[in-house]
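These are my notebook entries on a set of look-ups in one structure. The structure is shown first, and the entries follow.

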Amino acid sequence: SDVQTHTETESAFRAAFISQVGNLTLLLNSIALAVMFTILLVTANTMSMTVRERRTEIGVLKTLGFPSGLVMGLVLAEALVISSLGAGLGLLLAKGMIENLANIPFLGQAVGGLPDLGLDPGTAILGASVALGLGLSAGFIPALSAYRSKITDILRTV
């Protein structure tokens, strides 16, 4: 025939198709960083509101003789517990969604050809570590304000 054809393996076709999309890794990493920054802001705002609402309890704890370091530790522990619960729930939901991805009507056919689609334990550990880091960094400033607060200033505003 006068018309030439190009024959290639399926894996070479996939690689060429993905290279046409552009730098997909940079795009996905940028989106992930924007999402993490947004989660950090929301979590920090939540922890700040929690400490503001509990100023009286913090003042009572300090009046009863709890050291400021322990009060700071309690606020940080609360932030870590909340972030670890969020990480656990998120990882469970992600695992369930990945397992059922092939059952979605139109998406299942496209995903069916991908090899080893699943939640890798290393990825789960990284996700949990990022969640704990976000919880720790979001709770640090409110915990520091609880640490620095004076009993007289807290109980005067009641």
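I took contact to mean heavy atoms within 4.5 Å. I took helices (H or I, at least four residues) as DSSP runs, numbered from the N terminus.

On the source, I note that this is a predicted model, in which local features need pLDDT of at least 70, side-chain atom pairs count only at pLDDT 80 or more, and totals for chains, interfaces and linings use all residues. Residues are numbered from 1 along each chain as its sequence is written, and side-chain values use heavy atoms, with hydrogens and water left out.

Entry on helix 3. I looked up the buried residues (under 20% relative accessible area, 1.4 Å probe, protein chains only). In helix 3 (residues 55-63) they are Ile58, Gly59 and Lys62. Down the axis of helix 3, the buried residues fall within an arc of 100 degrees (taken from the directions from the helix axis to the C-beta atoms), so they line one face of the helix. Their cover includes helix 2 (24-53), helix 4 (68-99), helix 6 and helix 7 (151-156). Gly65 follows helix 3 and has a positive phi, near 105 degrees.

Entry on helix 2 against helix 3. I found that Val51, Arg52 and Glu53 in helix 2 meet Arg55, Glu57 and Ile58 in helix 3. The residues of this contact divide into 2 nonpolar (Ala, Val, Leu, Ile, Met, Phe, Trp, Tyr, Cys and Pro), no polar (the others, Gly among them) and 4 charged (Asp, Glu, Lys and Arg).

Entry on Ile141. I located Ile141 in helix 6 (residues 121-148). Ile141 is exposed (over 50%), with a relative accessible area of 57%.

Technical notes: Helix = DSSP H or I, 4+ residues; strand = E, 2+ residues; numbered from the N terminus.
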